[in-house]
Amino acid sequence: MSQDRLPDAVVRYSDHRDGIIDLHVPADPNGTLLVLVHGGFWMEEWDRTHTRDQARALADLGYLVATPEYRRLRGEGGWPTTATDVLDAYAQLPDLLSGLGLEHSRTVTMGHSAGGHLVLWLAAQELIRPPDRTVALAPVCDLALAQTLGLGDGAVDELLDGTPLTAADPQTLHAGQPPGTVVILHGDRDHLVPIELGRSFATRHAWVELVELPGVGHFEFLDPRDPVWKTLASAVADGQTDPR
């Protein structure tokens, strides 16, 4: 990874080891804070650093990008710690940014894979400042189906560790449409998190915009050079999400 992918600043939202947020500051800000939550089946071996190319590319488009770290499985995480870390980071960001003189008027949350699960879970919470837009990329959005399919070598069971599935599953937590817009982008060649999960969520929640991407797998969303990024950028900006 090249040196110019490193964050412009790092802030702390908690005193535990993973209580940090990378900030990628745009040269020409567009007024939007983009909270980017990484995936990796909630596992310790995957952290925010694998999204730095993605974060920098979004900053180059004018977004103030914040990538929170959170405690993960096989480290200090698990349910509900993993999710409440993301919630704490999100809640504290406005004050942390204000303290650095970084202002914004709009907030978008975006998450990939297990990060998609976490931003959809976040959208189901009662928030003082709910996001204006939630963009979930190949999300693990139906935990029951993910559990049945054994995704991530049983990662759902490891995450829950006996907790009732309904406490963590955005599929069942969303009783109605959240305050902001929700978009799911999912490729039909995704073998790690099959598109059936996105379809299941959209079938249950008619207010979700599901964009099915032909020929797209799981990891293209992380590569700013991939053609799918045109759709991703539009989903974040204004919802013009025509598949390529």
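**Close-up 1. Both faces of strand 3 are covered in this predicted model.** On one side, Thr32, Leu34 and Leu36 are buried. Buried here means under 20% relative accessible area.

**Close-up 2. Strand 3 pairs with strand 5 and with strand 4.** Strand 5 spans residues 106-112 and runs parallel to strand 3, with six bridges joining the two. Strand 4 covers residues 64-68 and also pairs with strand 3 in the parallel sense, over three bridges. Look for Val35: its bridge partner in strand 5 is Thr109. In strand 4, the bridge partner of Val35 is Ala66. From strand 3 the chain passes through helix 1 (residues 52-60) to reach strand 4. This β-α-β crossover is right-handed.

**Close-up 3. The largest pocket has a volume of about 230 Å³.** Its lining consists of 15 residues. Nearest the centre lie Gly40, Phe41, Met43, Trp46 and Leu192. By class, the lining has seven polar, five nonpolar and three charged residues.

**Close-up 4. The second largest pocket has a volume of about 160 Å³.** It is lined by 13 residues, and Tyr90, Ala91, Pro94, Ile128 and Arg129 are the closest to its centre. Strand 3 and helix 2 (81-99) are the elements that give two or more residues to this lining. Helix 2 gives the most, with five residues. By class, nine lining residues are nonpolar, two are polar and two are charged.

Notes:
Residues are numbered from 1 along each chain as its sequence is written. This is a predicted model: local features need pLDDT of at least 70, side-chain atom pairs count only at pLDDT 80 or more; totals for chains, interfaces and linings use all residues. Side-chain values use heavy atoms; hydrogens and water are left out. Buried means under 20% relative accessible area, exposed over 50%, partly exposed in between (1.4 Å probe, protein chains only). Helices (H or I, at least four residues) and strands (E, at least two) are DSSP runs, numbered from the N terminus. Two strands pair if DSSP finds at least two bridges between them. A crossover is right-handed if, with the strands pointing away from the viewer, the path from the first strand over the helix to the second runs clockwise. On a 1 Å grid over the protein atoms alone, a cavity is a set of points where a 1.4 Å probe fits but cannot get out, and a pocket is an open set with protein on both sides within 12 Å along at least five of seven lines; lining residues have an atom within 4 Å of a point. Grid points are joined across faces, edges and corners, and a volume is the space filled by probe spheres set on the points. Ala, Val, Leu, Ile, Met, Phe, Trp, Tyr, Cys and Pro count as nonpolar, Asp, Glu, Lys and Arg as charged, and the others, Gly among them, as polar.
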